[in-house]
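This briefing concerns the nonpolar core and the strand arrangement of one protein model. Please consult the sequence and coordinates shown below.

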Amino acid sequence: MFRFRILFFCLLAFSMMIVSCTKDNIDETDVTTPTIDPSTNTVANALVSRANVNDPNAGGLELDCIDVLFPFELIDVDGNTFIIASGSDFEELMMDSASIYIVDFVYPLNISIDGEIATVNNGEELGEAFAACLPDGGWTDDYFPAYEINFENSCYALSYPVSLQKPDGT
């Protein structure tokens, strides 16, 4: 019985030491908020870079199977707008493209698809119109010209499994 009391007393004393020890609340945290300086990437509009003027007397700028009808405006990365009233205006602007980064058209924009004139109000509508047409070019060397194709506007469906082959044969 004596050993039990000593053991009980030791356990009680030990548990009191553990419970009575508390850590002082010390608040010495220094929170430094780093300043982030994001790099600026200038990306030109891919559709504008694909455009060309095959016929200087044409009524618009040719984007594969869509014609963007003259006059229209282009906007650069700084918010400056450029009025394009003819093919020569566009070619002149593209010659200056080393210092000017065209980022988009100014909407609404009049376009012609197979002779039918339509108005697009934003870049998404222009992309949908571009994806809906079937371009004449890009079908050479067994390559498929994939633009903005999705389940709603596609004329095909993939059957899995799919095998892919690089141009080098691998």
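How many residues does the largest nonpolar core have, and which of them have the most contacts inside it? In this predicted model, that core comprises 24 residues. Those with the most contacts inside it are Val-68, Phe-72, Leu-74, Phe-90, Phe-105, Leu-109 and Ile-111.

**Core composition**

- Two or more core residues come from each of the strands S1 (60-63), S2 (66-69), S3 (72-76), S5 (102-105) and S6 (109-113), and likewise from helices H3 (87-95) and H4 (123-132).
- H4 supplies the largest share of this core, 3 residues.
- In general terms, nonpolar side chains of soluble globular proteins tend to be buried together.

**Surroundings of Phe-105**

- Leaving aside residues up to four places away in sequence, Phe-105 touches Val-48, Leu-63, Val-68, Phe-72, Glu-73, Leu-74, Ile-75 and Leu-126.
- Among these contacts, Val-68, Phe-72 and Leu-74 are also listed with Phe-105 as core residues with the most contacts.

**Sheet architecture**

- An open sheet is formed by 4 strands in the order S1-S2-S6-S7, with antiparallel pairing.
- S1 and strand S7 (116-120) each have a single partner strand and stand at the edges, so one side of each is left without a neighbour in the sheet.
- From one strand to the next, the twist averages 30 degrees.

- S2 and S6 run antiparallel and are joined by 3 bridges.
- Val-68 stands opposite Ile-111 in S6.
- H4 packs on the sheet, where it touches S1, S2, S6 and S7; the direction of H4 makes about 5 degrees with that of S6.

Notes:
Residues are numbered from 1 along each chain as its sequence is written. This is a predicted model: local features need pLDDT of at least 70, side-chain atom pairs count only at pLDDT 80 or more; totals for chains, interfaces and linings use all residues. Side-chain values use heavy atoms; hydrogens and water are left out. A nonpolar core is a set of buried Ala, Val, Leu, Ile, Met, Phe, Trp, Tyr and Cys residues joined through side-chain atoms within 4.5 Å. Buried means under 20% relative accessible area, exposed over 50%, partly exposed in between (1.4 Å probe, protein chains only). Contact means heavy atoms within 4.5 Å. Two strands pair if DSSP finds at least two bridges between them. Axes are lines fitted to C-alpha atoms, for helices over the stretch in contact, and angles run from 0 to 180 degrees between N-to-C directions.
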